[in-house]
Amino acid sequence: MAVSIHIADTIRSVVPALPKQVTVEISKEKTLHEAALEVGVPPVLIVFAIVDGVRKALDEPVGESAQVHFYGTMAGG
Amino acid sequence: MLPGYAGTILRIDLTQDKIAKQPLPAEMAHSFIGGRGFVAKTLFDELPPQADPLGPENLFIAASGPMSGHFMPASGKTHFGCKSPATGGYGDSNLGGHFGPSLKYAGYDMLILTGRAPQASLLVIEDERIALKPAGDLWGMGSIATEARLKAELGDAYQILTIGPAGENGVVYACITHDFGRQAGRVGIGAVLGSKNIKAIAVKGTGSIPVADPKAALTEGLNAFQAIRTKPGFTGWTPEGTAGITDWINRVGAFPTRNFQTSYWDQHTQINGAAILRELKITDKGCYCCPTPCGKYGKARTGLGDVYVEGPEFETISLLGSNCLIGEISEIAYANYVCDELGLDTISAGVVCSWAIECYEKGLLDRETIGRDVQFGDLASVVHLLECISRREGIGDLLAHGVKTAAQKVGQGSEAFAIHVKGLEWSGYECRNAPGMMLAYMTSDIGAHHARAWVLGHDLAGSSGSVHDLIASKGKRERLPKSEVTGRAANVIASQHLRPLFDLLGICRLQFMELGFEVEHYERLFAVITGNPLSWDDMLAVSEKVWHLTRSISARELQGFGRAWDYPPERFMAEPIPDGPNEGHCISRAEIDILLDEYYDLRGWDRNGLPTAATLERCGLKAVARTMATWACHGDG
């Protein structure tokens, strides 16, 4: 299953080698945590993931999602 | 006419009851942009050196930026400045809401108050009409109650700033409140307003602000709003607001807990963003022109009573919550409300309360001194302390001076766990294994504040040769490796220029800094609004200049200011974290020295942490270099 993974600048500023967007083949049983590792995003840097417009926890499966966005470290206001 | 700006500085000498309106100098706008830049420039030029922070000679400054009040996302920020009663050095703080835009619509980019009104007063600004009215009947009222009453009396069109009893009574971490829950919380700006006998400022503006290219500004503004709507992060982030980072901060072992004794708390899921949605929230609440309302207005039900309150934001969750071991979100919200009404900064208040409770546990403060038994995890203990502080009754008179001074007076080793830098209490991130973030706190120009630089991600990425396997999954408490201390300064400095740049422009940083709204929007908007096509790098250069200037102001104001003022509390250097992901870690004094040396060298400061004359001149601060030479307080070289 092809999933488009978008990586926020807050992550890419820490790991500059990461692309802004990458499409990967991934099985729907895999978790978002595993998907992050697959594209080289350190899960520790992910504050939240948005999957097809909905916030998800990293231990949730990728499922049938088409668009995954990983957002990185941020201050709390 | 200066496009983007209202074009006038409003000066009021409260002692003499004199009002002056001065054209905003074009040179000042071009050289310092606005907001925090105007604050720093004015304090350096006009503050009598060695002024008493709570004396009539101190300045109270409110300044908007060139992008405040314009049709673009989140353009509602207002900056406030003074000589800080908390630190004795440079001080500024900002808030959202609607005050700054209204001040500009009334015709003023800046409001500068000097002197002291002869009686408790309300300052009313309605376009060109300025009035100072007796407000003795408001004195003693809470901040929120005062705003509600003034809204009822004057009308909803007025935007209102208020202080609470803490500001009236000179508590050095008293804040300003606006819009029923937005605060300029830090550095004691509320105490400075109180020292001038000003209980509230009400502004109504009905004018407009000149724009260099109105048609293009409208187009760019629309584009910016539409672009934000396409960002998936906003739909994921907005519902919980800043509280949405609570779980992550705990997961990476940076959650201040029990007066910073540790950095991880099992009860974090009871006080996170989801808990706010589940137990408190009634509606979202946003600032002027904000498409991503992070404020959460709700109702807290506790054993002490029910209250309506905006918040708590993450910082409040951290300092009044985990740091005081308050494990129910409704109880944190109640303490948040008490702080708002009394006019106390929730960050400093949380640190002071947790320090006092630890002193009690250790037998350094007794029941008679405090007025009751106090303990971690007890809302009534925290509320008792907050009320005493705001009235300066009993133990409150000691605690009203801030944790640094209180610890100096109590002694007996309590200084080691008084968590502050330069006298400003530490905000919501534990950093014993985050050396870059530690350095950011140490070198923040107002004291230990997170909003000047944010490099926690770089710390995490640098804590291992391979960052991919640091934490296996959510909820697991695996130990993080120790972070390296070398190579941290460059990111801290870059962040110290980037984040405060938004404070020059008069806009909120959250959309860009946290959620990836593109910098190109800001460049285009700045150009079409002001007619001045500064690049982002040009603006960052101004931000760097302001950083050197604020450091110079503190060097002028504080006897012996320098390196010694940049060290973190002893606890962080002597007590390894007892549990959680960073178990066993602390940072040594030798490592702190490595951080500081690297930072000063990259900054162009001497090893005592003072800007050299060459650095000041390189940044266009020749006059500052000359003045500092007369005070013999800038660095060599």
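The model is predicted. Chain B contains 27 helices and 17 strands. Its C-alpha atoms occupy a box of roughly 60 × 55 × 55 Å along the principal axes. The radius of gyration of chain B is 23 Å. A compact globule of 637 residues would have a value near 26 Å, so the two agree.

Chain B is divided into three parts: domain 1 covers 8–204, domain 2 covers 239–425 and domain 3 covers 435–630. The centres of domain 1 and domain 2 of chain B, taken over C-alpha atoms, lie 26 Å apart. Their contact draws 37 residues from domain 1 of chain B and 30 residues from domain 2 of chain B. On the domain 1 side, two or more residues come from each of the helices α4 (143–154) and α5 (165–168) of chain B. By residue class, that side of domain 1 of chain B splits into 18 nonpolar, 18 polar and 1 charged.

Chain B also touches chain A. In this contact, 30 residues of chain B meet 27 residues of chain A. Three elements of chain B give two or more residues to its side: α8 (232–237), α11 (314–321) and α19 (456–461). Of these, α19(B) gives the most, with 5 residues. The side of chain B that touches chain A holds 14 nonpolar, 12 polar and 4 charged residues.

One helix pair was examined in detail. Helix α18 (residues 435–443) of chain B packs against helix α20 (residues 489–505) of chain B. The axes are 9 Å apart, and the angle between them is about 50°. The crossing of α18(B) past α20(B) is right-handed. From α18(B), the contact uses B:Gly436, B:Leu439, B:Ala440 and B:Thr443. From α20(B), B:Ala489, B:Asn491, B:Val492 and B:Ser495 take part. The residues of this contact divide into 4 nonpolar and 4 polar, with no charged residue.

Terms used
Residues are numbered from 1 along each chain as its sequence is written. Chains are lettered from A and ligands numbered from 1 in the order in which they are written. This is a predicted model: local features need pLDDT of at least 70, side-chain atom pairs count only at pLDDT 80 or more; totals for chains, interfaces and linings use all residues. Axes are lines fitted to C-alpha atoms, for helices over the stretch in contact, and angles run from 0 to 180 degrees between N-to-C directions. Helices (H or I, at least four residues) and strands (E, at least two) are DSSP runs, numbered from the N terminus. A crossing is left-handed if the near helix is turned anticlockwise from the far one by less than a right angle, and right-handed if clockwise. Two residues are in contact if their C-beta atoms, placed from the backbone, lie within 7 Å. Ala, Val, Leu, Ile, Met, Phe, Trp, Tyr, Cys and Pro count as nonpolar, Asp, Glu, Lys and Arg as charged, and the others, Gly among them, as polar. Domain bounds come from an automatic or database domain assignment. The radius of gyration is taken over C-alpha atoms; the globule rule is 2.2 Å times the number of residues to the power 0.38.
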